[in-house]
Amino acid sequence: MSVWQKNRINILRALSVAFVLLALTIEPAFESGTAIALLIHTVGSLLLFFGVLGRLWCTLYIGGRKNLEVIDIGPYSICRHPLYFFSSVSTLGFGLLLGSILVALVMFFVVSLVLIRTASDEECYLQGALGASYMNYSRTVPKFFPNARLFTTGAIVSTNVSVLRTNFMDGLVFLSLLPLATMLSIIRDALDWEVYRFL
């Protein structure tokens, strides 16, 4: 396991703290209650839910077999690391819940970079563990951003219930970003300090 792999969780935690501090020092460009602010909030909520459901979808297919065999159906037929992609989508949703399109895009970009780097490290291991089958898979399926035209699936999918339960609990952490975004907005208003307005 590389140094990056060992520290990626700590890197993501540090980014989470940085994003919370950022949320306390920015003010959305669009006033709360306006149609555009409501639209941004709605899109953010939908993306957050979409990311959580996407992660559960991935777990149904991978079922704890990630390092044992090449999974190339369902979400794994459209990209090699869909769990990471859907995590980035949830991050984008959280950024929009903060009311700033620019901040949301920055958060999505930074988290995606961290997860793409993590995926690259994982692939070094998978290529060694799974050999030619993984090499062939990686030649035809994109690493991070899905290609829906490649989608294939089987009639029956088996999964590991314990792994699914763990991923469901992880999903609840992502869903907690909904009330967190509201709480951060309330705290920012209560502090009444100088904030920066971003689109």
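I took two rings of Phe, Tyr or Trp as a pair if their centres lie within 6.5 Å, using the six-membered ring for Trp. The model I am reading is predicted.

**Entry 1: aromatic rings**

I counted the ring pairs first. The count is nine aromatic pairs. I then looked up Phe85 with Phe86. Their centres sit 5.5 Å apart, with 65° between the planes. I logged the pair as edge-to-face, because the angle is over 60 degrees. Phe85 and Phe86 are both buried.

I went on to Tyr134 with Tyr137. This pair is also edge-to-face, at 5.6 Å centre to centre and 65° between the planes. Why are Tyr134 and Tyr137 about one helical turn apart? Both belong to helix α5, residues 132-140, and they are three residues apart there, so about one turn separates them. I checked burial as well: Tyr134 is buried, and Tyr137 is buried too.

Which residues do they link into a cluster? I listed Phe50, Trp57, Tyr61, Phe85, Phe86, Phe144, Phe145 and Phe151. The edge-to-face pair of Phe85 and Phe86 therefore sits within this cluster by the pairing rule.

**Entry 2: salt bridges**

I searched for charged pairs and found two salt bridges.

I opened Arg80 with Glu123 first. The closest N and O atoms are 2.6 Å apart. Where do the two partners lie? Arg80 is in the loop between α2 and α3 (82-97), while Glu123 is in helix α4, residues 101-130. The partners are 43 residues apart in sequence, so the bridge ties together separate parts of the chain. Are they buried or exposed? I found Arg80 buried and Glu123 buried.

I then opened Asp121 with Arg117. Here the closest N and O atoms are 3.7 Å apart. I kept the pair because the cut-off is 4 Å. Asp121 and Arg117 are four residues apart in helix α4, so about one helical turn separates them. I looked up accessibility for each partner. Asp121 has 18% relative accessibility, so I noted Asp121 as buried. The cut-off for buried is under 20%. Arg117 has 40%, so Arg117 counts as partly exposed.

**Entry 3: nonpolar surface**

I turned to the surface. Ile36, Leu39 and Val43 form a nonpolar patch there. Together they have about 230 Å² of accessible area. I placed Val43 in helix α2, residues 35-62. Its relative accessibility is 34%, so Val43 counts as partly exposed. Val43 qualifies for a patch because the threshold is over 30%.

Methods
Residues are numbered from 1 along each chain as its sequence is written. This is a predicted model: local features need pLDDT of at least 70, side-chain atom pairs count only at pLDDT 80 or more; totals for chains, interfaces and linings use all residues. Side-chain values use heavy atoms; hydrogens and water are left out. Rings of Phe, Tyr and Trp (its six-membered ring) pair if their centres lie within 6.5 Å; planes under 30 degrees apart count as stacked, over 60 as edge-to-face and the rest as tilted. Buried means under 20% relative accessible area, exposed over 50%, partly exposed in between (1.4 Å probe, protein chains only). Helices (H or I, at least four residues) and strands (E, at least two) are DSSP runs, numbered from the N terminus. Patches are made of residues with over 30% relative accessible area and no salt bridge: like charges are joined within 9 Å, nonpolar side chains (Val, Leu, Ile, Met, Phe, Trp, Tyr) within 5 Å. Accessible areas come from the Shrake-Rupley method with a 1.4 Å probe; for residues, only the protein chains shown count as cover. A salt bridge is a side-chain nitrogen of Lys or Arg within 4 Å of a carboxyl oxygen of Asp or Glu.
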